[in-house]
Amino acid sequence: MALADFSEPQPRASRRICSGINVSFEFFPPQTEEMERTLWNSIERLAPLAPEFVSVTYGAGGATRERTHATVARLAGETAIKPAAHLTCVGATCAEVDEIARAYWEIGVRHIVALRGDPPGGVVGRFHPHPGGYANSTALVTGLKRLADFEITVSAYPEGHPESASVDQDIDVLKAKIDAGATRAITQFFFENEVYFRFLDKVRDRGIEIPIIPGIVPVQNFRQTARFAERAGATVPGWLAERFEGLDDDPTTRRLIAATVAAEQVFDLVDAGIDHFHFYTMNRADLVYAICHLLGLRPTAETKVV
């Protein structure tokens, strides 16, 4: 009978990290005064973790245009963190989109998350460009780079965009956006890391070398996240549903489970060599802050909200 090997195991990367991890956070513009307070409390909590940037979403059909601009402007003027403004093709002509982009440049915003965008609420069917507008995200990236030397981030879909025929077609689109000037991609959220790794292998096989940052969503509300996933074409595995089963009326345990699930996912990615994570915060800081703490990030005075 062979003796058990009790020699010191090689520590996992996620157990010994203390530097080299980068994070970014996504927020959405608030609709009410209470939501405004929640958002800025979250920003104040997360800013000292020195994110590489924070992005602010842009509602379907440009529905949050003014609120997005106001949030980005306040981030640029009142914090030390770098804001990235979402901008879409929906509901505006090229001239109108260009005007928005110029306004961002004038207040010091140099980073745009360029997206095709979704139709306004209630509109069913495939995307149709606005008459006189940018036809798609590739055209938007081209237009933005023509305006100014923006840093441009685009989206990527490990499980395929809902309107794409295949992941390979999605990679064709990603390649076109890179050729137009994009220098970083953030993925739609996913829950099975193998989905991300398979996609990353395909992307690298096509000669695409820009950072493909995994988008991570801590599950604040399982049912809401499942609805988001259905619209985005992301798979919610059965094991994830089982972990939240029976917790509809137990928010405390839900938060503990959510933090555990997200930390487990992130640690596995760290062990595989991933060192940048984009967190979809849902404007809540608690779970994201806890995960970042586990990753070894600690507050710095230089990045506190002023």
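About 50 Å³ of space lies in the largest cavity of this structure, which is a predicted model. A search of the whole structure turns up 1 cavity of 30 Å³ or more. The second largest pocket holds about 280 Å³ of space, and helix α2 (residues 33-46) supplies the largest share of its lining.

**The cavity**
- Residues lining the largest cavity include Y157, P158, E159 and G160, along with Q188, F189, F190 and V195.
- A232, G233 and A234 are also part of this lining.
- By class, the lining of the largest cavity has 7 nonpolar, 3 polar and 1 charged residues.

**The second largest pocket**
- Among the residues lining the second largest pocket are F28, Q220, N221, Q224, R255, M282, N283, R284 and D286.
- E34, M35 and T38 line the second largest pocket as well, and helix α2 contributes 3 residues to that lining.
- The lining of the second largest pocket divides into 3 nonpolar, 5 polar and 4 charged residues.

**Helix α2**
- Helix α2 has 14 residues and spans 20 Å from its first C-alpha to its last, close to the 20 Å expected at 1.5 Å a residue.
- L39, W40, S42, I43 and L46 are the buried residues of α2.
- An α-helix has 3.6 residues a turn, so residues three or four places apart point the same way.
- E33, E34, R37 and N41 are exposed on the other side of α2.
- The cover over the buried residues of α2 includes β1 (22-27), α3 (65-78) and α11 (286-294).

Terms used
Residues numbered from 1 in each chain as written. Predicted model: local features only at pLDDT ≥ 70, side-chain atom pairs only at ≥ 80, totals over all residues. Heavy atoms only, no water. 1 Å grid on protein atoms, 1.4 Å probe; cavity = no way out; pocket = protein on both sides within 12 Å on 5 of 7 lines; lining within 4 Å. Points joined across faces, edges and corners; volume = space filled by probe spheres on them. Helix = DSSP H or I, 4+ residues; strand = E, 2+ residues; numbered from the N terminus. Nonpolar A, V, L, I, M, F, W, Y, C, P; charged D, E, K, R; others polar. Expected span 1.5 Å × (residues − 1). Buried < 20%, exposed > 50% of the residue type's maximum accessible area, 1.4 Å probe, protein only. Contact = heavy atoms within 4.5 Å.
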